[in-house]
Amino acid sequence: MNDAIKALADRLIATGHLSKEEYCALIDGRDAETAEYLAKAAVAVRQRYYGTKVFVRGLVEISNICKNDCTYCGIRRSNRNCERYRLTAEEIVDCAVEGYRLGMRTVVLQGGEDRHFTDDVVCGIVRSIKGKHPDMAVTLSLGERSRESYRALREAGADRYLLRHETASEEHYGKLHPPEMSYQNRMRCLRDLKELGYQTGCGFMVGSPYQTTENLAGDLAFVEAFQPEMCGIGPFIPHHETPFANEPAGSVELTCFLLSIIRLISPKVLLPATTALGTMHPQGRELGILAGANVLMPNLSPVGVRKQYELYDNKICTGEESAQCIACLAARVAAIGYEIVTDRGDFAKDE
Ligand code: SAH
């Protein structure tokens, strides 16, 4: 780590802010020592608000039917070799209830943009979960919808919404999505979600095709400006049935470096060590936690459909029952000196 890089790292640690040019210099000029230096600072910052707690959010993958055609995604509509499924409302509520029984106080309902899941259908599911377990936080991750739709879901009781911005560059966005999707609409969705009072999560893939260091610096500047409660980042991993089948995957090392930076930008942000990170490295999620992440998302989907929710190749955690998935994560977390906590894990309140 040379003096210039150390000066940037120190300023990021002290202020939580760098310019885009400075983020570029920090990313391009990093070495193992820089990564260790930022990780140590990120862990110290997280310690202040969350101690050694790692929050768990049970993930229910409700449908792999999607009207969109995102170029990177394995469940894009053009993938004719994807065996499609859709859980019934009853199955979804059962998964949430099982998660509750296993200690989860947050459930995340995620899926492709499946037209079956109208506002009425999703509101019914949210109300049903809230009716059975009022103390369970319900997070939705169902893609782009209208402001009215987001409002209806919020009024039905949804607490949080995850919608990765994918990239904060309109030009890069256009290279990852078909022409009928737009960066402007994605950003409109994120603004609406925040205004409607959701705890909102944005995020991006690391190493997505055509991504430049400038793009990543733009993503970091966006996180600074948007101030999300959650931020999901993970390596891009190619899926063999997409146009990006032969593109290289993103790196674990860079993902962890960016996790540390995001923790320093936003000390209280809820930051998952993602399944994609665990797919790229046997200890990927542990490395993510040690870099500053503080959320894990065990899979609560019915085992029979898990392989079909294939966003990218070789996805892990598709074979085990929910209870085993949670036990495995708890053991991994304990082994690195952290502890799984099962409370709602809301965004930390001000000191
Ligand atoms: N339809 C929802 C959920 C998308 S899946 C939505 O639009 O938000 C959740 C996330 O998985 C996506 O936001 C994307 O960032 C990530 N993802 C999709 N394909 C991926 C791939 N090939 N490699 C890594 N992450 C991927």
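How many of the 14 residues of helix H10 are buried? The answer is 13, so H10 is mostly covered, where buried stands for under 20% relative accessible area, exposed for over 50% and partly exposed for anything in between, using a 1.4 Å probe and protein chains only. The model is a predicted one, in which local features need pLDDT of at least 70, side-chain atom pairs count only at pLDDT 80 or more, and totals for chains, interfaces and linings use all residues. Residues are numbered from 1 along each chain as its sequence is written, and side-chain values use heavy atoms, with hydrogens and water left out.

Back to H10, then. This helix takes in residues 252-265; helices (H or I, at least four residues) and strands (E, at least two) are DSSP runs, numbered from the N terminus. From first C-alpha to last, H10 reaches 20 Å, close to the 20 Å expected at 1.5 Å a residue, the expected span being 1.5 Å times one less than the number of residues.

Among the buried ones are Leu216, Leu220, Val223 and Phe226, along with Asn215 and Asp219. An α-helix has 3.6 residues a turn, so residues three or four places apart point the same way.

Now for the ligand. It is surrounded by 16 residues, and the closest are Tyr72, Gly111, Arg164, Glu166 and Ile237; to be counted as near, a residue needs a heavy atom within 4 Å. The shell splits into 10 nonpolar, 3 polar and 3 charged residues, with Ala, Val, Leu, Ile, Met, Phe, Trp, Tyr, Cys and Pro taken as nonpolar, Asp, Glu, Lys and Arg as charged, and the others, Gly among them, as polar. Glu166 places a polar side-chain atom 2.5 Å from an oxygen atom of the ligand. For Arg164, a polar side-chain atom lies 3.0 Å from a ligand oxygen atom, while Gly111 has a backbone N or O atom 3.0 Å from a ligand nitrogen atom. Taken alone the ligand exposes 550 Å², and the protein buries 91% of that; these areas come from the Shrake-Rupley method with a 1.4 Å probe.

As for the cysteines, the structure holds 0 disulfides, a disulfide being a pair of cysteine sulfur atoms within 2.5 Å. Cys70 is in none, and the nearest cysteine sulfur, that of Cys73, is 6.1 Å away. Cys70 counts as buried because its relative accessibility is 13%. Cys82 is likewise in no disulfide, with the sulfur of Cys73 again the nearest, at 8.8 Å. Its relative accessibility of 14% makes Cys82 buried too.

Two residues stand out for their backbone angles. Most residues other than glycine have a negative phi. Asn314, however, has a positive phi near 60°, and Cys317 has one near 65°. Asn314 sits in the loop between helix H13 (303-306) and helix H14 (322-335), and Cys317 is found in the loop between H13 and H14 as well. Asn314 is exposed at 66% relative accessibility, whereas Cys317 is buried at 18%.

Technical notes
Polar contact = N/O pair within 3.5 Å; in protein donor to acceptor, adjacent residues only side chain to side chain.
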